[in-house]
Amino acid sequence: MPSEPLSPEGLEAALRAIGPERYHDLHPFHDMLHEGKLNKGQVQAWALNRYVYQAAIPRKDASLIGRCDDRELRREWLHRVADHDGHGEDKGGIERWLILTDGLGLDRDYVISQEGALPTTKFAVEAYVHFVRENPLVEAVASSLTELFAPSIHKRRIAGMLANYSFIDEKVIAYFRRRLDQAPKDADFALDYVKRHARTVEQQRGVIAALKFKTDVLWAQLDALHHAYVCGAVPPDAFRPG
């Protein structure tokens, strides 16, 4: 990071450069998932643990809204909560994720309880919630910018899982289809907000660090899955396939 503030365009370039180096699509566990190299129990473990993250997103977003004096930001951010919790006829992203876990043969109450989730998953997700709740608002917004990189992983996941797993169908992957439209819109707003509000060197360093932190949160969850369900070191009380 230079000693002088970056231009808005320079800051955007610095933020976008984080994805090709640090986004969790680079993790070996995702390669195995998308290429059909996992068995059904390992896919179940991934979906069950990822539910912890999905369920926390509206809590994270509501905490950001609750500390925000910026009406424009509150109005825009509010739909993120509805996108996951549901609104009107749309039951939301959390319900679509539960349709995924239902389709994988997992008991819905067990998934919702999070009892079988890995300890690292729970710690990483709560670290993200606390980060958004406690850090400067512009950093909280910046931490959501992994959505800049999400469409590519969703496209790969849809194609790979449909091609490689007999137990995956269009109903099961509805969550990812929906995020192909939602994530780019959310990312565009958040990126514009960060470019307008991160003006000093300190603020710009903060938003770059925030996005790196978020990639670490996502990467840590996959590290835990790989260690437990590929290497075989499943911790006590965690989900055990079969």
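**Salt bridge notes**

I looked up Asp90 first: its side chain meets that of Arg178 in a salt bridge (2.9 Å, N to O). I count a salt bridge when a side-chain nitrogen of Lys or Arg is within 4 Å of a carboxyl oxygen of Asp or Glu. Asp90 lies in the loop between helix 5 (71-85) and helix 6 (92-103) and Arg178 in helix 11, so the pair ties together parts that are 88 residues apart in sequence. Helices here are DSSP runs (H or I, at least four residues), numbered from the N terminus.

This is a predicted model: local features need pLDDT of at least 70, side-chain atom pairs count only at pLDDT 80 or more, and totals for chains, interfaces and linings use all residues. Residues are numbered from 1 along each chain as its sequence is written, and side-chain values use heavy atoms, with hydrogens and water left out.

I checked accessibility next. Asp90 is partly exposed at 23% relative accessibility. Arg178 is partly exposed too, at 33%. My cut-offs: buried is under 20% relative accessible area, exposed over 50%, partly exposed in between (1.4 Å probe, protein chains only).

Then I turned to Glu12. Its side chain meets Arg16 in a salt bridge (2.8 Å, N to O). Both lie in helix 1 (residues 8-16), four residues apart, about one turn of the helix. Glu12 is buried at 18%, whereas Arg16 is partly exposed at 38%.

Lys195 also forms a salt bridge with Glu12, the closest N and O atoms being 2.7 Å apart. Lys195 sits in helix 11 (residues 174-197) and Glu12 in helix 1, so this pair ties together parts 183 residues apart in sequence.

Last, the total: I found 18 salt bridges in the structure.

How values were computed: Helix = DSSP H or I, 4+ residues; strand = E, 2+ residues; numbered from the N terminus.
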